[in-house]
Amino acid sequence: MTSATPFSVYATSHTPYSGGTRHVGELQVAVSCCGVRVNPGDVVVGDDDGIVVGGVEDFGRVIDLAEEIEAAEDKILWGMSSGEGLSLFDMTNFDEHVEKRMRGEDSSLQFRFDE
């Protein structure tokens, strides 16, 4: 965040060209930012972890999942800092996962939380 603005500014470099006032250029056209297409009307959201670009409909479809991920991350951080001696390993289904894989069954390693 810059000291002069209440919002974050992200950049990998700068350019000394200020543009001109005689030619407006193109408006409401797709642009490419580091290889990512940004269309007119897209939403651009960024924080210290990165930037995400998508349409309003895209964000609407994933907002519930994003909230679930955030809640899981909060539980992981609490588990590691709670003083209860929990490690990341303790918060997974590792033993169950290995047993299933040894039997040739499908399984995925997941975080598990006691409510």
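## Order of the elements

Start at the N terminus of the protein chain and the elements run β-β-β-β-α-α. That gives 4 strands and 2 helices. The model is a predicted one. Helix H1 covers residues 56-81. Helix H2 covers residues 94-102.

## The chain as a whole

The protein chain has 115 residues, and buried residues make up 7% of them. The chain exposes about 10,100 Å². Carbon and sulfur atoms supply 55% of that area.

How many of the contacts reach across the sequence? Take the contacts between residues at least 6 apart in sequence: 13% of these join residues at least 24 apart.

## A nonpolar patch on the surface

Five side chains deserve a look here: Phe89, Phe94, Val98, Met102 and Leu109. They form a nonpolar patch on the surface. Together they have about 510 Å² of accessible area.

Methionine 102 is one of the patch residues. Methionine 102 belongs to helix H2. Is methionine 102 buried or exposed? Its relative accessibility is 71%, so methionine 102 counts as exposed. The cut-off for exposed is over 50%.

## Asparagine 93, in the loop

Now look at the loop between helix H1 and H2, where asparagine 93 lies. Asparagine 93 has 6% relative accessibility, so it counts as buried. The cut-off for buried is under 20%.

Which residues does asparagine 93 touch, leaving out those up to four places away in sequence? They are Ser108, Leu109, Gln110 and Arg112. Leu109 also belongs to the nonpolar patch.

## Arginine 112, after H2

Arginine 112 sits in the segment after H2. Its relative accessible area is 39%, so arginine 112 is partly exposed. That value falls between the cut-offs for buried, under 20%, and exposed, over 50%.

Arginine 112 touches Met91, Thr92, Asn93 and Glu96, again leaving out residues up to four places away in sequence. The side chain of arginine 112 also makes polar contacts. One is with the side chain of glutamate 96, at 3.5 Å. Another is with the side chain of glutamine 110, at 3.4 Å. Gln110 is also touched by asparagine 93.

Arginine 112 and phenylalanine 94 are 18 residues apart along the chain. Their C-alpha atoms are separated by 9.7 Å. Phe94 is part of the nonpolar patch.

Key
Residues numbered from 1 in each chain as written. Predicted model: local features only at pLDDT ≥ 70, side-chain atom pairs only at ≥ 80, totals over all residues. Heavy atoms only, no water. Patch = residues over 30% accessible without salt bridge, like charges linked within 9 Å, V, L, I, M, F, W, Y side chains within 5 Å. Areas by Shrake-Rupley, 256 points an atom, 1.4 Å probe, with all protein chains shown as cover. Salt bridge = Lys/Arg side-chain N within 4 Å of Asp/Glu carboxyl O. Buried < 20%, exposed > 50% of the residue type's maximum accessible area, 1.4 Å probe, protein only. Contact = heavy atoms within 4.5 Å. Polar contact = N/O pair within 3.5 Å; in protein donor to acceptor, adjacent residues only side chain to side chain.
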